[in-house]
Amino acid sequence: MLDGIADVAWWVPVLLCLAALLAGWVDAVVGGGGLIQLPALLLVPGFAPVHALATNKVGSVMGTLTSATTYYRRVRPDLRTTLPVAGVAFLGSMGGAVVANHLPTEVFTPVILVALVAVLVFTVARPRVGTDDQVDPPPAGVVLARTVPFGAVIGFYDGVMGPGTGSFLVLGLVLLARTTFLRATATTKIVNAATNLGALAYFAPLGLVEWRLGVTIGVANMLGGYLGARTAVHLGSRFVRAVLIVVVCALLLRLGIQEFAA
């Protein structure tokens, strides 16, 4: 399927696993693990970008399912609102994967840069949003009406490109569902698992996934996801907010260099 993939030096999968471990931790805390894992895969000889994107979904699925399970056991997000959002995000992600297979992802970069700047400015300017545990969330019906369309849009983006999906989801859920960063992250992991599965469901039948490498980085991503979820639960919403700011800044730097160096 991917000529030459078996001929890479031994240290390539080792470095990929280290990148996946860190990506799993970051992704479990606030999202944005694709900032680390996807660029690492793009360095593998013999990988076209669509192959790297497809294989990245295998590791991401394994990691997000692990962190989602860990969060659910400790935070208990409301499944009445979480599962419908995850369902439309799954479908949106499949649609995004179709687009990703036919359009260069670079065409979306300027839009994503603007969105990331907005996320950063708002998060810094409103330090108390999402950190107050005494929030009063709206009724479940109102939350669904606000978050289901948002889930479809985010799912589409994750299928097309991926990096930053978790960060957009976390802040969006904090604002739309009036919840804390910690509870928003717990919900995000379930939704993010669905978006990764949706994209993978499209890529896999086309033979675009390098399964051995995907499962290998997936194991490392699972460990990182478990540790990241435990860290976030232990340190709380203020820690999640701080990591969100760092991850968004890193995304802006990487995408900015990619855009203006092209």
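D27 is found in helix 1; helices here are DSSP runs (H or I, at least four residues; strands are E, at least two), numbered from the N terminus. You're looking at a predicted model: local features need pLDDT of at least 70 and side-chain atom pairs count only at pLDDT 80 or more, while totals for chains, interfaces and linings use all residues. Residues are numbered from 1 along each chain as its sequence is written, and side-chain values use heavy atoms, leaving out hydrogens and water.

**Exercise 1**

Work out whether D27 is buried or exposed, and find what D27 is in contact with.

Step one is the accessibility. D27 has a relative accessible area of 14%, so D27 is buried (buried means under 20% relative accessible area, exposed over 50%, partly exposed in between, with a 1.4 Å probe and protein chains only).

Step two is the contacts, meaning heavy atoms within 4.5 Å. Skip the neighbours within four places in sequence, and D27 is in contact with G32, G33, T64, K189 and N192.

**Exercise 2**

Check the length of helix 1 and of helix 4 against what you'd expect.

Start with the rule: the expected span is 1.5 Å times one less than the number of residues.

Now helix 1. Helix 1 has 19 residues, and from first C-alpha to last it reaches 28 Å, close to the expected 27 Å. Just after helix 1 comes G31, with a positive phi of about 90°.

On to helix 4 (residues 79-100). Its 22 residues should span 32 Å, and its end C-alpha atoms are 30 Å apart, which agrees.

**Exercise 3**

Find which residues of helix 4 are buried, and what they pack against.

First, list them: T81, T82, V85, A86, A89, G92, S93, G96, A97 and A100 are the buried residues of helix 4. These residues cover an arc of only 145° around the axis, so they're on the same side of helix 4 (the arc is that of the directions from the helix axis to the C-beta atoms).

Next, look at their partners. The buried residues of helix 4 pack against helix 3 (49-75), helix 6 (140-160) and helix 8 (181-203).

Finally, turn to the face away from the buried side: that face of helix 4 carries the exposed residues R80 and L91.

**Exercise 4**

Say how many aromatic pairs the structure holds, and why the pair of W25 and F239 ties together parts 214 residues apart in sequence.

Count first: there are three aromatic pairs. The rings of Phe, Tyr and Trp (its six-membered ring) pair if their centres lie within 6.5 Å; planes under 30 degrees apart count as stacked, over 60 as edge-to-face and the rest as tilted.

Then take W25 and F239, an edge-to-face pair at 6.2 Å centre to centre with 75° between the planes. W25 lies in helix 1 (residues 11-29) and F239 in helix 10 (residues 237-260), so the pair joins parts that are 214 residues apart in sequence. W25 is partly exposed at 26% relative accessibility, and F239 is partly exposed at 23%.

Y202 and F203 form an edge-to-face pair too, at 5.8 Å centre to centre and 65° between the planes. Y202 and F203 are both buried.

**Exercise 5**

Zoom in on F181 next. Not counting residues up to four places away in sequence, F181 touches several residues, including V129, V170, V240 and L244.

**Exercise 6**

Find where R76 and R178 lie, and what phi each takes.

Recall the background: most residues other than glycine have a negative phi. R76 isn't a glycine, yet its phi is positive, about 60°; R76 lies in the loop between helix 3 and helix 4. R178 isn't a glycine either, and has a positive phi of about 50°. R178 lies in the loop between helix 7 (165-176) and helix 8, and is partly exposed at 43% relative accessibility.
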